[in-house]
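Visitor: I would like to talk about charged side chains and the words used for them. Could you walk me through what stands behind each label?
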Amino acid sequence: MKITKATFFTSVANANNLINDGVSQIAFVGRSNVGKSSLINLLTNNSKLCKTSSTPGRTRLVNYFKINDQFYFVDLPGYGYAKASGQEIIGWQSLIEPYLINNPNLKLVCALVDSRIEPTENDKIMINFLNYYRIPFVVVATKCDKFAKSKIKPALNKLANSLKLGVKNVYGISSSNGYGKEELLSYFEQMLNN
């Protein structure tokens, strides 16, 4: 798959306004600061499409991006940011859950985890949630550029074991050097054509 066009479409703050227009969606979910925005920018070859921030917890809305005028990338609010108020956390959950559960247009969820650390409790809860509701997902392990090339596969194997998944369900990626980009885009193409 080649992405030649990517534009911001809309942001949604309320579950009643989630988009259900019959167009396929690929969603990105993960804890705050795991690199969702950087990954979307990498995949779309547009470093300014998705706002990145060194402050965790910036994405508080469901952000839709129209890709090649054919489908959406959807950036979901980050979870697990300790400084967010209780009210904000409840708000995010009230957006993420309805988006994931009641979405006939959702073709795939990319559950992002940091390749360098053990998956957090929240990461495991998210994977269990996706499994429980039988939502198609793949784990995307970010920041793979922090490893020597020979160490990437062992790190992905370790993540897969930790999350009780097959290693084929874990894709390594680096937003810095583009590692894993083509492989992930070609998986997206398969899922969109299913």
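Guide: Gladly! A salt bridge is a side-chain nitrogen of Lys or Arg within 4 Å of a carboxyl oxygen of Asp or Glu. This is a predicted model, in which local features need pLDDT of at least 70, side-chain atom pairs count only at pLDDT 80 or more, and totals for chains, interfaces and linings use all residues. Residues are numbered from 1 along each chain as its sequence is written, and side-chain values use heavy atoms, with hydrogens and water left out.

Visitor: What makes Arg-116 and Asp-114 a salt bridge?

Guide: Their closest N and O atoms are 2.7 Å apart, which is within 4 Å, so the pair qualifies.

Visitor: Why is Asp-114 called buried?

Guide: Buried means under 20% relative accessible area, exposed over 50%, and partly exposed in between (1.4 Å probe, protein chains only). Asp-114 has 3%, so it is buried, whereas Arg-116 has 42% and is therefore partly exposed.

Visitor: How do you know that Lys-124 and Glu-118 form a salt bridge?

Guide: The closest N and O atoms of Lys-124 and Glu-118 are 3.9 Å apart, so they meet the cut-off. Lys-124, at 27%, is partly exposed, and so is Glu-118, at 44%.
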